[in-house]
Amino acid sequence: MARNEQLIRQHKILQILERYRYGCLLEEIRDALVDELGLSSLHTRTVRRDIESLQSAGLDIDVHDSGRGRVWKLGSSGRGMHKITASATELIALSLGRDLLLPLSGTPFWVGIESFWTKIQEQLPETTWDHYRKYRQVLYVTGLAAKNYSAQEGTLKNLNRAIHQHRIVEVAYQKPGQPSPSQRRLEPYGIVFHQGSIYIVAAASELPADDPNRIRHWKLDRFKKAEVTDDYFKIPKDFDLEKHLGGSIGIFAAHKPMDFKIKISAVAANWVVEDPWHPEQVVESQEDGSIILTVKAAHELEIIPRVLALGPEAEVLAPKSTREAIKARVQKMAEVYEKR
């Protein structure tokens with residue numbers, strides 16, 4: 001925990017120094033750290049050691065006397081004023097990535113994206129931009145979620161701080177259809193950006209450590225409040241965010257993903273092959289041109305919409321419970337259309 005806290009402080013020191021062109025007194029840096037990291041206290045000796053560690057790592061941080069006292073500030077290289085060079089092709093690739101991340105608008109992540117994009121605009125020659133503009137007239141990104149997380153900016157900031165400091169958060173979380181938010185205590189492990197939405201991977205504090213449903217994925221849109229507490233938690237030693245998310249085709253959480261087997265007709269087989277449901281899916285070709293698709297998912301709700309979207313061209317073979325769930329939905333749909 002101590003090492004993690006030191007890295008968090010040092011990263012925040014760099015952010016503070018980036019904001020002040022003429023530098024800060026040691027006491028000013030200390031006060032900003034206490035305020036922005038929610039610390040109860042911090043000694044200037046600790047701040048000085050953190051700065052010296054950053055200097056030892058090669059970061060350009062200067063100290064000099066001024067009328068206010070000894071101030072610390074970033075040198076030109078420390079401020080990231082390196083000359084940026086990019087070809088028109090690289091610029092196009094970068095702009096596509098920027099477009100794809102547009103749903104992050106209103107978050108600290110988008111602030112960094114826009115800041116970097118502005119630096120590139122200021123440093124690249126106009127000839128490069130001319131070529132870029134002409135090419136982008138015939139290259140367009142669509143299908144993005146129409147989102148803006150400005151309303152959740154403060155909530156995300158608190159959750160991000162809690163993740164880095166391993167601190168429990170008290171949240172008000174309201175699911176769709178719920179009349180009022182429920183009060184929860186969460187242990188946030190990480191942030192996931194999935195299909196245009198932000199999710200928080202967090203453990204529910206009230207559940208025991210061996211409960212398979214303890215770690216869940218909480219949609220940021222449903223957080224009405226998130227307050228960082230003074231209570232700390234420990235992430236399980238065997239927890240790996242990438243492995244945790246890699247076992248399913250969607251964003252649902254599960255201790256052990258299930259295998260789903262779906263028969264896809266010859267008409268729709270190429271669609272599933274062209275746009276795989278999961279990198280580790282297994283496809284068995286049949287003599288009539290159809291395929292048997294085996295794919296892992298955390299929950300049947302990740303499978304059912306995909307099967308229904310294919311209509312009669314897809315049939316769930318297993319598990320039986322999912323097959324019955326689809327049958328019930330199709331019957332209800334038929335009843336709706338038979339009323340008119």
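Residues are termed buried when their relative accessible area is under 20%, exposed when it is over 50% and partly exposed in between, with a 1.4 Å probe and protein chains only. The structure described here is a predicted model, for which local features need pLDDT of at least 70 and side-chain atom pairs count only at pLDDT 80 or more, whereas totals for chains, interfaces and linings use all residues. Residues are numbered from 1 along each chain as its sequence is written, and side-chain values use heavy atoms, with hydrogens and water left out. Helices (H or I, at least four residues) and strands (E, at least two residues) are DSSP runs numbered from the N terminus.

Helix H11 comprises residues 320–338, and its buried residues are Thr322, Ala325 and Ile326. These residues cover an arc of only 95 degrees around the axis, which puts them on the same side of H11; the arc is that of the directions from the helix axis to the C-beta atoms. In general, an α-helix has 3.6 residues a turn, so residues three or four places apart point the same way. The face of H11 turned away from the buried side carries the exposed residues Lys320 and Glu338. On the buried side, packing is against strand S9 (258–264), helix H10 (304–309) and strand S12 (314–318), where contact means heavy atoms within 4.5 Å.

Salt bridges, defined by a side-chain nitrogen of Lys or Arg within 4 Å of a carboxyl oxygen of Asp or Glu, number 18 in the structure. One of them joins Arg9 to Asp50, with the closest N and O atoms 2.6 Å apart. Arg9 lies in helix H1 (residues 2–19) and Asp50 in helix H3 (residues 44–56), so the pair ties together parts that are 41 residues apart in sequence. Both Arg9 and Asp50 are buried. The side chains of Lys12 and Glu36 likewise meet in a salt bridge, at 3.5 Å from N to O. Because Lys12 lies in helix H1 and Glu36 in helix H2 (residues 26–37), this pair ties together parts that are 24 residues apart in sequence. Lys12 is buried, with a relative accessible area of 15%. A further salt bridge is formed by Arg323 with Glu315, the closest N and O atoms being 2.8 Å apart; Arg323 counts as partly exposed at 36% relative accessibility, as does Glu315 at 35%. Elsewhere, salt bridges that share partners join Lys12, Arg19 and Glu36 into one network.

An open sheet of three strands has the order S1-S3-S2, with antiparallel pairing, two strands being taken as paired if DSSP finds at least two bridges between them. Strand S1 (24–25) and strand S2 (61–66) are the edge strands, each of which pairs on one side only. Six bridges join S2 to strand S3 (residues 69–74), and the two run antiparallel, with Asp65 standing opposite Arg70 in S3.

Two separations along the chain were also computed. Leu17, in helix H1, counts as buried at 0% relative accessibility, and its C-alpha atom is separated by 9.9 Å from that of Gly75, 58 residues apart along the chain. Glu52, in helix H3, is partly exposed, with a relative accessible area of 38%; the C-alpha atoms of Glu52 and Leu308, 256 residues apart along the chain, are separated by 60 Å.

Two domain features come from an unreviewed UniProt entry, whose positions are given in the numbering used here with shortened feature names, and whose annotations may be inferred rather than shown by experiment. The "domain: WYL" feature is placed by UniProt at residues 155–228, over which the chain is 15% helix and 53% strand, with end C-alpha atoms 10 Å apart. For "domain: WCX", UniProt lists residues 257–334, over which the chain is 38% helix and 29% strand, with end C-alpha atoms 31 Å apart.

Key:
Expected span 1.5 Å × (residues − 1).
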